[in-house]
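Subject: Structure for you to look at

Hello,

Here is the structure I promised to pass on. Please open it beside this email and follow along.

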Amino acid sequence: MVHAYAGRADGEAPSRAAVERALAGAGITTAVIADPARHWYYALIPPGTAAGWTIRGIERLGRNHFLGVPAPQRVAPPDSYSTLCDPGAVHELIRAQRTAAETGW
């Protein structure tokens, strides 16, 4: 979904710069972890925020999940919610991409 949003729907990974520009254009500028092997992206948002989201094709990780892939310079968890992604921007990006994929737009 992120690659399609960044302009690469052919399955090939776009450049990191292209992904960062696409996410920034969607209002997502912090706290995203990339898994380049799977081409997955984890947007870190405040706990419980996505509980009511009903978008197919996404996986929500919660309190009983662990994601151990911090940036090399990160030595501690985010110190406040202000360093997490804007949940509204994450939700809108997912919703828009799902709608586009389902309608062929």
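Predicted model: local features only at pLDDT ≥ 70, side-chain atom pairs only at ≥ 80, totals over all residues.

The chain has three helices and two strands. Along the sequence they follow the pattern α-α-β-β-α. Of the 105 residues, 26% are buried. The chain exposes about 7400 Å². Carbon and sulfur atoms supply 54% of that area. Now take the contacts with a separation of 6 or more: residues 24 or more positions apart account for 60% of them.

Next, look at α2, which spans residues 16–25. Which residues of α2 are buried? They are Ala18, Val19, Ala22 and Leu23. Seen down the axis of α2, these buried residues fall within an arc of 130°, so they line one face of the helix. An α-helix has 3.6 residues a turn, so residues three or four places apart point the same way.

What do the buried residues of α2 pack against? Their partners are α1, β1 (32–35), β2 (40–43) and α3 (87–103). The face of α2 turned away from the buried side carries exposed residues: Arg16, Arg21 and Gly25. After α2 comes glycine 27, with a positive phi near 90°.

Last, find glutamate 12. It sits in the loop between α1 (2–5) and α2. Glutamate 12 is partly exposed, because its relative accessible area is 48%, and exposed would need over 50%. Its C-alpha atom is 9.3 Å from that of histidine 39. Along the chain, glutamate 12 and histidine 39 are 27 residues apart.

Best wishes

Note on methods
Residues numbered from 1 in each chain as written. Heavy atoms only, no water. Helix = DSSP H or I, 4+ residues; strand = E, 2+ residues; numbered from the N terminus. Buried < 20%, exposed > 50% of the residue type's maximum accessible area, 1.4 Å probe, protein only. Contact = heavy atoms within 4.5 Å. Areas by Shrake-Rupley, 256 points an atom, 1.4 Å probe, with all protein chains shown as cover. Arc of directions from axis to C-beta.
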